[in-house]
Number of protein chains: 2
Amino acid sequence: MPAETTVSIDPTTGAEVEEVATVTSVQELEEVCRSAAEAFIELKDRDRAFRGGLLRAMADALEDRRADIVALGVRETGLLPARLDGELTRTVHQARLFADVVDEGSYLEATIDHAGDTPMGPRPDLRRMLVPTGPVAVFGASNFPLAFSVPGGDTMSALAAGCPAVVKAHDSHPALSVLVHDILNAAAYAVGAPAGTIGLVHGRQAAAHLVRHPAVSAVGFTGSLDGGRALMRLIEQRPTPIPFFGELASLNPVVVTQAAASSRTKTFAEGLVTSLTGSGGQLCTKPGLVLVPYGPAGDELVEVAAELVAAQPAATLLSARIRDGYEQTSAELRRIPGLSVAAEGGQPAGSGFAVAPRLLTMKASELMESQIGECFGPTTIIARYSEAELVDIIRTLPGSLTATVHSEPGEDIRPLVQELLPKAGRLLFDGFPTGVSVSWAQHHGGPWPATNTQHTSVGPTAIRRFLRPVTWQSAPADVLPRELRDTYTSIPRRVDGHLTLETATARKGVR
Amino acid sequence: MPAETTVSIDPTTGAEVEEVATVTSVQELEEVCRSAAEAFIELKDRDRAFRGGLLRAMADALEDRRADIVALGVRETGLLPARLDGELTRTVHQARLFADVVDEGSYLEATIDHAGDTPMGPRPDLRRMLVPTGPVAVFGASNFPLAFSVPGGDTMSALAAGCPAVVKAHDSHPALSVLVHDILNAAAYAVGAPAGTIGLVHGRQAAAHLVRHPAVSAVGFTGSLDGGRALMRLIEQRPTPIPFFGELASLNPVVVTQAAASSRTKTFAEGLVTSLTGSGGQLCTKPGLVLVPYGPAGDELVEVAAELVAAQPAATLLSARIRDGYEQTSAELRRIPGLSVAAEGGQPAGSGFAVAPRLLTMKASELMESQIGECFGPTTIIARYSEAELVDIIRTLPGSLTATVHSEPGEDIRPLVQELLPKAGRLLFDGFPTGVSVSWAQHHGGPWPATNTQHTSVGPTAIRRFLRPVTWQSAPADVLPRELRDTYTSIPRRVDGHLTLETATARKGVR
């Protein structure tokens, strides 16, 4: 019997283009995990400068192969070249930012309390720092084949922490996964990183074994609620629990005040339709529910949005599974009493994974009866509200990655923002949630079902997921990590309760 | 049928002293949770100065009632007055330290990235800060009726974060729980905190409903592995998952090098016996396994320790359940082939919860075949090792809160420490693990089964468990938390990538 293979499909035709790899056998998975565990031990002996260099070498290697990566990505995902070009830029930037974060060093939370007297009595010398947890299993997303896949935030934050990553290649872009893995692996080899620093496995069976493997210390996941739940159930079977950091499903409500609906009717409608149809609506931050007030301004806003959606061409989705999910969720939504289809864009033609964009409308008061969740694809619901019911409606919403308010200067939106705060991890004002800048102040996470933990999967604090604190008590200097020695002063540390910003130049100082 | 009650027992006699409270009905629990949810909303409008004041008022109130608290604690737990006096000091210190942490403000991780250009293109204004998650359910421990119970680290870190706490009164000190809750509640009332800031419930049924209640955002637990697992199973039934922060079981291995065994034979044995018998051995950081080298020095060390254990009186444990658990685990340990009882202290007499301290010995090589875990109470195992087998033995050990090395200056213990690092959250040198100072650099947590998350339950970073990040994008200044406004400069923040230590005095500056 021939070994099962993963196959690369052209989403514009649905045709199989090539066999990419045989699925990873249990024995091969063992080998990958053993190699990651060995790499973890070797990486412990490398300093932060090495890890920063590793991340930068990977960023450079991705940049060098930009044309190949974007071309294969376009062929395999149906996403537009400009979109994948931008996504690669973001991915490279993210790796370099994480290298800067590793250099800067405050992410270690280095803390020194010298021995001394306290109200509790004498205190021994205590020194605390974060250390890497161990190999990390990474499950990327279909919709970001770079920024949330093999070279994405989970992999790069694991490597920044000092943890090897074992990536499960996504079924919807296996060829791109292999190409990028080869590029990263070669870059790691070139800077002398141990074999096993970044691994790749294929197939569902390997995935199930990976999350239960004793060498794996944590799982990073971006995907569907069902997929995340299935992995969580497998993880619960482990004798030794490990954290699962899942980014799952998000409705991303947008509230338009009466004043904003009046003053920016057309520009809001345009921005909304751009946001909900970009990348085929396949973004975890796509606005899935828009609360628009009753009245003539709101009516006009809906009308303009409907015209724009009707003018949209059919969108080619990433895979047959995502297309089927979109049509199934759309059908379920249309069964909600009072919900109607205000506009439908171009209909799919031919044999690819195309779907029609849709604008749905309903009364917001009916949201309270229906459990509205994410519909992954180019659809949004405009729900019409009256001022008196807005707070109750917001309280019934599920948690999201984002919540957005469009209002006019001078309006007191503080009570509205207080209601939205418990529902989201990012609050936006007068914008659309589909851009996620990678920067220090970013947070990409939110109350369940947006994520299942308090952590982010974008930005420097994503690194913390793969670190754990250790305290050294009365330790001789030579067993301490160098960042905890008195003589080391080139990173921010908290010393005897006081945060200090000592820098490389301070090394020449008195301490 | 009369309502079921919780009963306060004298552990020295096993006699019921008083009925403390009726168990909390489902209806009463609803009321407590509703009140906590309302308090959470009210507390959001209070600033950090208020929360610091609340913690200090609680600390002062505990201090004012020191004599009553210690006397009732001694009567109800059988712990010594000096021990409970010290524990109250620690508890008060912890509340005040958390107040200082709230004042200092860096725990908020306030981060501002102004709008600007990036390699990814233009970035909007992004501002990130941690916000409280919501009401926290607290399950305290029997062995620290103050520092890990009603007024303990979980409660105080929840309040520091801005989260109301609902405490499940521990069955082994219900009267003390009520007294302390009344004191804290009165202190909260006196400073104008909302009703529901700190709640108390009684009974197993209330506990089971509490962790599944929709208003509860997180659970802090200190107790047994079995108890923790039972709560985790209940939490898994929730439609909305919440984090469970459990401190569960810890073996706390101690390794003595050949040189240290020779040079400090007697002082080590004395220190060990003091550490393992203090508080009846009922400490989560009790050294439960001591690796001592073969040879005459090790033989003598065992001999001295055995004499000291034999001279110990019987220890009164906290409850019938803990006594029974101690005897059951001791019996299981004695079934391990090659394990023998080297010494037994005074035998229990009368009807209280007393047990005999025990010193057990075995060959360390046999540890690899047996699954040794925590034995809660005044027992330790000395396992004898040869140099060649030490690394393999350490690799078979479960995770612990602590791991300790006793060595002589000049010995290269770095390889040994590298082996112990994956096994513990605190590494100690030439000391004993049973003291846990509350300070910035402390960490109280460790790999499973010590804790089930990467978080600490002691020290300022315990507060982070009850916070989640939120990012405000392009927000008008008046909807931002004041700590994220440009004009607010009195806490450390990261601004445009740079950590800044602006203080209250900087407010008069140019910004």
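## Strand pairing and chain contact in a predicted two-chain model

Strand β13 (residues 289–293) of chain B runs parallel to strand β18 (residues 379–385) of chain B, and five bridges join them. Within this pair, Val290(B) stands opposite Ile382(B) of β18(B). Strands here are DSSP runs (E, at least two residues) and helices likewise (H or I, at least four), numbered from the N terminus; two strands pair if DSSP finds at least two bridges between them.

This is a predicted model, in which local features need pLDDT of at least 70, side-chain atom pairs count only at pLDDT 80 or more, and totals for chains, interfaces and linings use all residues. Residues are numbered from 1 along each chain as its sequence is written, while chains are lettered from A and ligands numbered from 1 in the order in which they are written.

Strands of both chains form an open sheet of twelve strands with mixed pairing, in the order β23(A)-β22(A)-β3(A)-β6(A)-β21(A)-β20(B)-β19(B)-β12(B)-β13(B)-β18(B)-β17(B)-β15(B). Its edge strands, β23 (498–500) of chain A and β15 (340–344) of chain B, each pair on one side only.

| Strands | Bridges | Opposite residues |
|---|---|---|
| β13(B) and β18(B) | five | Val290(B) and Ile382(B) |

The contact between the chains takes 60 residues from chain A and 59 residues from chain B, where contact means C-beta atoms, placed from the backbone, within 7 Å. On the side of chain B that touches chain A, β21(B) gives the largest share, six residues.

Note on methods:
Two residues are in contact if their C-beta atoms, placed from the backbone, lie within 7 Å.
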